[in-house]
2 protein chains.
Amino acid sequence: VPPGPDDAAVTASATLPELDKEALAALERVGKGWHGCLSPREDWEEALPVNRHIEFADPVVSRTGRFARVRGTDPSGDGHGDIDEIEATAKAGEAASPTGRRLRSAARVLIGPPLRSTALAEERMGRLLALAVLSPDALSSVAYGPEAMLAVLLLAGSGQLKLSLPIGAALAILMLSVGLGYRQVIKAYPHGGGSYIIAGDSLGPRWGLIAGAGLILDYILTVAVSVASGVEAVASAIPSLYPDRVGVGLVVIFVLAAGNLRGVRDAGAAFAAPTYLFVAAIGLVVVTGLVKAASHGFTPTTPHPYHPPVEALGVLLVLRAFSSGATAMTGIEVISNAVPVFRPPEAKHARQTLTAMLALLISMFVGVVLVAHFTGAQPGGQETLLSRIARDTVGDGAAYAFVQFATTVVLLVAANSAFNGFPRLLYFMARDSYVPRLFLRLGDRLAFSNGILVLAVPSAIIFAAFDGKTAPLIPLFAIGVFIAFTLAQAGMVARWLRERGRGWRAGLATNLLGAVLSAAVVVIAAITKFTEGAWLVIVLVPCIVVLCERIHGHYEAARRALTPRAAERSHRLLPAGVARPGAPLPATPRDAELQDTPTEVHNFTLVPVAVFDLAALRALAYAASLGQPLLALHVSPTEDEAKRFRREWEVWGNHLPLEIIASPFRATVAPLTYYAAALHRQRPDLTMTLVVPEIVVARPWQQILHSHTAARLRRALRSYEGIVVATVPFHLPP
Amino acid sequence: VPPGPDDAAVTASATLPELDKEALAALERVGKGWHGCLSPREDWEEALPVNRHIEFADPVVSRTGRFARVRGTDPSGDGHGDIDEIEATAKAGEAASPTGRRLRSAARVLIGPPLRSTALAEERMGRLLALAVLSPDALSSVAYGPEAMLAVLLLAGSGQLKLSLPIGAALAILMLSVGLGYRQVIKAYPHGGGSYIIAGDSLGPRWGLIAGAGLILDYILTVAVSVASGVEAVASAIPSLYPDRVGVGLVVIFVLAAGNLRGVRDAGAAFAAPTYLFVAAIGLVVVTGLVKAASHGFTPTTPHPYHPPVEALGVLLVLRAFSSGATAMTGIEVISNAVPVFRPPEAKHARQTLTAMLALLISMFVGVVLVAHFTGAQPGGQETLLSRIARDTVGDGAAYAFVQFATTVVLLVAANSAFNGFPRLLYFMARDSYVPRLFLRLGDRLAFSNGILVLAVPSAIIFAAFDGKTAPLIPLFAIGVFIAFTLAQAGMVARWLRERGRGWRAGLATNLLGAVLSAAVVVIAAITKFTEGAWLVIVLVPCIVVLCERIHGHYEAARRALTPRAAERSHRLLPAGVARPGAPLPATPRDAELQDTPTEVHNFTLVPVAVFDLAALRALAYAASLGQPLLALHVSPTEDEAKRFRREWEVWGNHLPLEIIASPFRATVAPLTYYAAALHRQRPDLTMTLVVPEIVVARPWQQILHSHTAARLRRALRSYEGIVVATVPFHLPP
């Protein structure tokens with residue numbers, strides 16, 4: 001199955017949704033009503049006073065190079081389509097002001113020149129490359145998962161660290177089970193589809209949202225944890241760096257955000273190296289460690305110094321250690337989300353890659369736990385557990401430096417993968433109208449700039465708030481992702497039960513086990529780490545779900561209000577009578593199609609005039625030229641001023657109707673607004689146009705010297721339907 | 001001479017300046033040109049589709065009570081004037097939104113209901129009341145002036161405190177001389193007129209600005225110093241209050257600002273009490289002190305503890321002490337600024353009151369210096385000098401409490417007087433276009449709200465920055481006011497030399513002496529206190545002057561650009577052809593008067609359409625109903641989307657010309673802007689109207705869910721002359 005265009009593909013035109021069939025039918029019906037109201041399009045075309053294809057001969061137009069002429073097609077085939085088309089060049093996206101342009105070109109250094117929408121087609125990857133690109137998130141968690149588990153066990157004293165072996169085994173089974181579950185996901189969703197899509201698809205939108213909310217939180221925490229852990233890995237090798245870890249980490253997050261705003265897509269090879277380096281490094285440590293352990297007859301070293309127990313060993317503590325160790329599983333789902341990036345046959349290649357990744361993950365995790373056991377390494381202090389194990393096994397030399405380097409780099413690549421996944425998740429949620437549509441917008445580098453920024457800022461704040469340390473972040477981490485695991489696997493279960501395709505029993509069993517085990521992790525983590533921070537995730541997930549549903553409700557209401565409907569009877573959709581360019585509108589409505597409703601736009605113009613200056617005269621001339629009934633308005637704070645203004649009006653010639661509103665309390669904008677509203681109440685069928693003169697200053701600081709009545713009126717009148725505000729600019733010299 | 005309407009009077013209509021004779025003539029000429037372009041006003045009046053006097057019978061209109069109908073006059077006498085007039089009630093100034101209304105009514109509790117412009121007429125005052133209301137600023141400085149002088153002398157050791165007697169005598173002479181100079185000011189400016197007006201009038205605008213800048217700084221410092229000194233006076237009596245002085249002082253400044261926003265004008269009697277209480281209190285201290293001194297044969301007590309000298313006694317130190325003591329003179333000019341508030345004969349009463357105030361000021365100042373000398377009181381520590389003298393003379397009981405209470409209250413009243421003077425100064429400077437016009441606006445309580453806020457905020461910041469202490473503020477203080485004194489007196493000298501009226505020689509001598517002595521104080525203070533803070537004032541005064549002149553330059557340029565001129569030839573001032581309501585505009589210009597220029601407004605409408613929804617249809621219908629040449633625009637991020645949109649346009653019926661701009665870099669607003677600009681370059685004589693659909697949401701939080709293209713287009717197009725932006729609202733359900 002080739003990747004489909006709708007499910008998991010990103011397009012640049014998602015911001016402009018397509019009309020559905022019903023809406024098109026309604027549009028056609030509405031359009032027929034217009035036939036009686038407008039002179040033929042040819043008249044309008046002829047009346048155009050300008051060359052719509054722009055005068056490219058104009059030296060200013062050609063010099064700025066903002067537009068290019070391209071040969072267009074004529075899809076209608078009726079001869080009226082365009083022959084030429086105008087294309088906006090990259091320069092047309094630049095600001096007009098020199099300051100704006102300078103700022104932009106400074107940003108360009110960081111994020112690169114704009115990219116065409118057509119550059120969006122993703123490169124396909126082979127299995128080896130895909131494994132390297134898609135697995136850092138999962139594999140890198142070996143750097144902190146075992147340590148998080150041991151740190152909990154250590155609370156029961158150094159003597160209980162040996163419990164890491166059974167717990168590690170349980171985690172390996174969990175990894176296998178969830179991983180196999182995701183192999184089934186790849187089969188079912190060959191276009192790719194994260195937990196959000198699977199759960200929403202199979203269990204219903206709200207379950208999808210819960211999965212999405214869990215993932216949103218976990219992406220943010222992934223960045224914070226990976227960067228914290230990466231910086232700690234460096235600081236283990238170079239202890240003098242430890243006090244500066246927050247600053248270093250913030251710089252790293254900034255660089256990651258900037259790099260992703262650049263939209264580094266083709267850097268696959270660059271990302272491949274760290275993954276394989278890390279696999280090699282862990283392999284080196286594990287093999288050396290096991291060989292050394294074998295030379296001692298697999299007798300574990302007694303942990304030194306001996307930490308006395310501070311908590312009693314109980315079921316809760318063991319479960320807590322288990323759930324902390326489960327953080328090593330984050331990222332296991334990444335391959336199943338990204339099936340379309342594989343070379344065909346995508347699904348098969350993806351499944352093979354997932355299997356390889358599972359094998360690596362489980363052996364690395366188990367290996368680290370074993371070596372930690374045999375070397376008697378304990379967590380705590382400023383050095384990471386992995387660093388201690390490495391020192392114990394490969395010694396303090398170049399091999400150690402290599403291990404730490406590989407660990408750091410793979411953690412940064414893992415943080416980076418969140419910058420890929422998070423904006424894509426928001427894109428899909430925005431396409432379903434659950435988050436603001438601004439997450440649909442592709443920046444001019446084809447990156448989801450908004451999503452990248454919304455990930456970078458909170459993760460930087462959390463990283464700094466937790467003082468750049470991994471340990472206190474662990475209790476918050478992984479709950480969200482296990483909620484998503486649970487729902488994705490449960491979604492698969494529901495799907496198997498519904499579809500019962502080939503091999504459904506085996507698939508059902510796999511996914512059911514995965515769902516149950518994942519759910520168990522969620523429950524265990526929520527209970528055992530509630531007071532340590534898990535409560536925050538448990539509170540935030542429903543909050544995010546409610547927020548998303550409210551956003552969805554608004555978008556749905558907006559869609560219903562905005563889409564042409566079959567029963568459309570709204571006036572204001574048809575111009576009055578037969579409109580033609582340069583011609584008046586007859587006073588009586590003419591529309592056979594919709595004659596049961598008032599179908600005309602009747603215009604009425606109000607012109608507020610404060611001072612009788614050239615700006616006001618220009619607005620009056622413009623308003624009069626529209627040829628609609630017109631009333632000028634003046635608001636006067638005192639009797640004297642009213643008389644003075646009327647005198648000036650008479651001097652001018654008293655050409656147009658004028659109403660003076662006395663405003664003895666000196667308010668201006670509010671009385672104008674309420675007056676317009678009161679007139680509008682008399683004839684709600686009228687479209688009232690306020691023609692407002694607006695002073696435009698040449699320098700920003702001069703804005704404080706003027707009163708901004710136009711802007712204030714516009715804001716005040718926004719709440720009235722059927723009132724159009726037209727601002728007539730008057731430019732002041734600098 | 002009765003107070004004139006222009007010089008020193010405040011009017012509510014100053015925000016709407018009158019056209020001068022030349023502008024009126026030009027307006028008449030321009031208006032004649034319109035005769036040929038418009039059908040008679042009667043046609044326009046008849047075409048009005050609404051009752052311009054509002055349907056008061058409409059229950060909504062009558063219930064909200066925002067407008068009242070008043071019997072109007074018909075000033076033109078041609079029968080076309082209004083018979084009824086609409087008056088906006090106090091309710092018409094309120095916000096429409098419930099939140100806005102609630103906020104407003106909360107503020108109303110603090111600042112009271114709105115007042116009519118007609119309530120502006122100031123009450124006249126008798127001499128005794130005027131003395132009490134106008135002199136706190138001057139008299140209260142006796143609370144800190146002597147202490148400031150002694151604090152400098154103490155640097156030369158306790159033994160040199162006796163120098164306060166000759167320096168005090170010199171200051172008394174200075175007070176007398178400057179005070180007599182201001183008696184001459186009252187004669188010359190019977191409408192009142194502060195140093196800003198006098199210096200500007202006699203020496204030229206820049207000198208007026210220098211005086212104004214000095215006064216601006218000193219008003220701010222007056223608030224800070226008076227509040228600091230008042231709080232210190234309380235803390236001298238109640239030492240436990242000392243650590244909280246900054247908080248207490250900030251509350252006081254807030255209360256003063258709120259009180260003045262209320263526009264407490266008629267509280268004259270309330271302000272009279274503190275002044276006379278303070279006079280009585282100082283009188284009590286001085287008389288008791290002198291009687292006690294007499295009983296010891298006027299032998300001064302040796303200061304105890306003895307402070308050794310930390311600086312050598314020299315001319316500079318003496319001069320520094322002199323200039324510090326001169327802070328006791330601030331406020332001496334207040335009466336001459338406020339002549340119109342006296343009962344007639346204003347000037348005579350004002351002069352008499354000034355003489356009385358001078359007598360009080362000099363005797364109180366000299367008295368305090370003498371008693372300090374005889375009691376051997378020294379400044380320093382947390383207790384004020386005045387408090388020590390009071391304890392020494394009237395003892396520690398009720399009389400002492402009375403002195404401290406009176407001192408505190410009079411200092412607060414003095415700070416309050418700055419809240420009266422400062423906004424008035426800014427009003428006059430704004431009337432001359434030297435500061436932003438927003439300082440002309442009278443709040444709905446007839447107070448200059450903007451001026452009050454601009455005083456309160458910096459004075460609160462300075463007060464807090466100086467830790468609520470008077471002593472470190474003294475070096476900054478009084479330089480500004482002495483600059484103003486010097487320029488006012490110098491202005492009077494120039495005036496005498498120019499006019500040589502009755503008694504000009506005596507007047508000249510008085511003002512010359514005042515000018516020279518004031519200038520000497522400025523120079524002395526600037527030199528001796530330069531490093532202690534005076535440099536700040538010396539730097540800020542020219543900065544303020546330059547800023548004011550730049551503001552003036554802008555307003556002058558704006559006035560020239562906006563005022564109708566005799567040589568007016570601008571097109572766009574006349575509507576095209578003969579405009580009449582509901583009628584088309586002929587294509588050829590018709591204007592006998594201005595036929596040498598293109599005189600018509602030719603309209604051309606652009607309608608940007610992103611998605612083919614009802615908002616877009618409404619905008620298209622509105623635009624078509626204007627009957628002007630029209631072009632719809634669509635910006636498309638991808639080829640596919642362009643095809644899709646064209647298909648939808650065809651389904652609708654392809655009624656109007658459509659141009660699709662391909663934007664492969666996905667920018668929307670910028671290409672639209674540049675495209676409109678490129679069309680506008682082809683025919684700069686066209687007035688281009690962009691009709692933009694605008695989605696209006698019901699709840700503020702929903703704004704983030706929409707793209708605000710209309711607002712962004714409006715902002716981007718502001719810099720182009722001749723492009724009108726009309727926004728057609730489409731309201732979404734909540």
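## Surroundings of Gly168(B)

Apart from its neighbours within four places in sequence, Gly168(B) makes contact with Met149(B) and Phe365(B). The structure discussed here is a predicted model. Gly168(B) belongs to helix H8 of chain B, a helix that covers residues 164-188.

Gly168(B) has a relative accessible area of 5%. Because residues under 20% count as buried, Gly168(B) is classed as buried. A further spatial relation concerns Ala321(B): although 153 residues separate Gly168(B) and Ala321(B) along the chain, their C-alpha atoms are 9.6 Å apart.

## Architecture of chain A

Chain A contains 25 helices and 7 strands. The C-alpha trace of chain A extends over about 110 × 60 × 50 Å along its principal axes. Of the 734 residues in chain A, 58% are buried. When contacts in chain A between residues at least 6 apart in sequence are considered, 79% of them connect residues at least 24 apart.

## Surface and charge of chain A

Chain A carries 64 positive and 56 negative charges. The mean position of the positive charges and that of the negative charges lie 4 Å apart.

## Relation between the two chains

In general, a rotation about an axis and a shift along it relate two copies of a chain.

## The interface

On the side of chain B, 173 residues are in contact with 173 residues of chain A. The area buried between chain B and chain A amounts to about 14,800 Å², and carbon and sulfur atoms give 63% of it. Phe665(B), Arg666(B) and Tyr674(B) together supply 6% of the area that chain B buries against chain A, which is more than any other three residues supply.

The interface residues of the two chains also correspond: 100% of those in chain B are interface residues in chain A as well, so the copies meet through the same surface.

Conventions. Residues are numbered from 1 along each chain as its sequence is written. Chains are lettered from A and ligands numbered from 1 in the order in which they are written. This is a predicted model: local features need pLDDT of at least 70, side-chain atom pairs count only at pLDDT 80 or more; totals for chains, interfaces and linings use all residues. Side-chain values use heavy atoms; hydrogens and water are left out. Contact means heavy atoms within 4.5 Å. Helices (H or I, at least four residues) and strands (E, at least two) are DSSP runs, numbered from the N terminus. Buried means under 20% relative accessible area, exposed over 50%, partly exposed in between (1.4 Å probe, protein chains only). Lys and Arg count as positive and Asp and Glu as negative; His and the chain ends are not counted. The place of a charge is taken as NZ of Lys, CZ of Arg, CG of Asp or CD of Glu. Buried area is the accessible area (1.4 Å probe) that two parts lose on being put together, summed over both.
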